[in-house]
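Dear colleague,

Please find below the structure that I am handing over to you. My notes on it follow.

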Amino acid sequence: MSLKISRGDPRHPDATDLLKQSQALMQRLFPPEDNFYLDIDALCGRDIRFFVAKEDGRILGVGALALREGYGEVKSMFTRESARGRGIAALLLAAIEAEARREGYDLLRLETGNSLVSAHRVYGKAGFVQRGAFGDYPEAPSSLFMEKRLD
């Protein structure tokens, strides 16, 4: 696999396309009050580390680390449908985890949709466990909250 994970720009056309696909999926699956994704401007913020999975010049997956007080938060994980099943999400998550360690964090947290079973599997295999709501999140009925302690 000639896939490469690196820091990227959410405004890149391929990245923007994936983010819009992800947001459209969230809007179809969950009520508006249970959608907590970051828009593209927010993903360009100084408190965000944005990553892309690129192969042959094309972005196949995206993910981000949000720098929070006391923990890093995994955000905006999404893989192009035609590239799913290749371990891209796991590679992006590993890059996010490595970046969190470089930033001095010993804890990662995330919020994901309760019906996104494939995402739950990726996070579970990476060592994330379920927990309650955190930060500013409400106990949304369609949310699943997870965390992982970093060694």
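In which helix is the place of Lys 20? Lys 20 sits in helix α1. Please note that this is a predicted model, in which local features need pLDDT of at least 70 and side-chain atom pairs count only at pLDDT 80 or more, while totals for chains, interfaces and linings use all residues. Residues are numbered from 1 along each chain as its sequence is written, and side-chain values use heavy atoms, with hydrogens and water left out.

Lys 20 counts as exposed because its relative accessibility is 52% (exposed is over 50%, buried under 20%, with a 1.4 Å probe and protein chains only). Its C-alpha atom is separated by 25 Å from that of Gly 135, which is 115 residues away along the chain.

Helices here are DSSP runs of H or I with at least four residues, and strands are runs of E with at least two, numbered from the N terminus. Helix α1 has 17 residues and reaches 24 Å from its first C-alpha to its last, close to the 24 Å expected at 1.5 Å a residue (1.5 Å times one less than the number of residues). Its buried residues are Asp 14, Ala 15, Thr 16, Leu 18, Leu 19, Ser 22, Gln 23 and Met 26. The cover over these buried residues includes α2 (40-43), β2 (48-55), β3 (58-68) and β4, where contact means heavy atoms within 4.5 Å.

Yours sincerely
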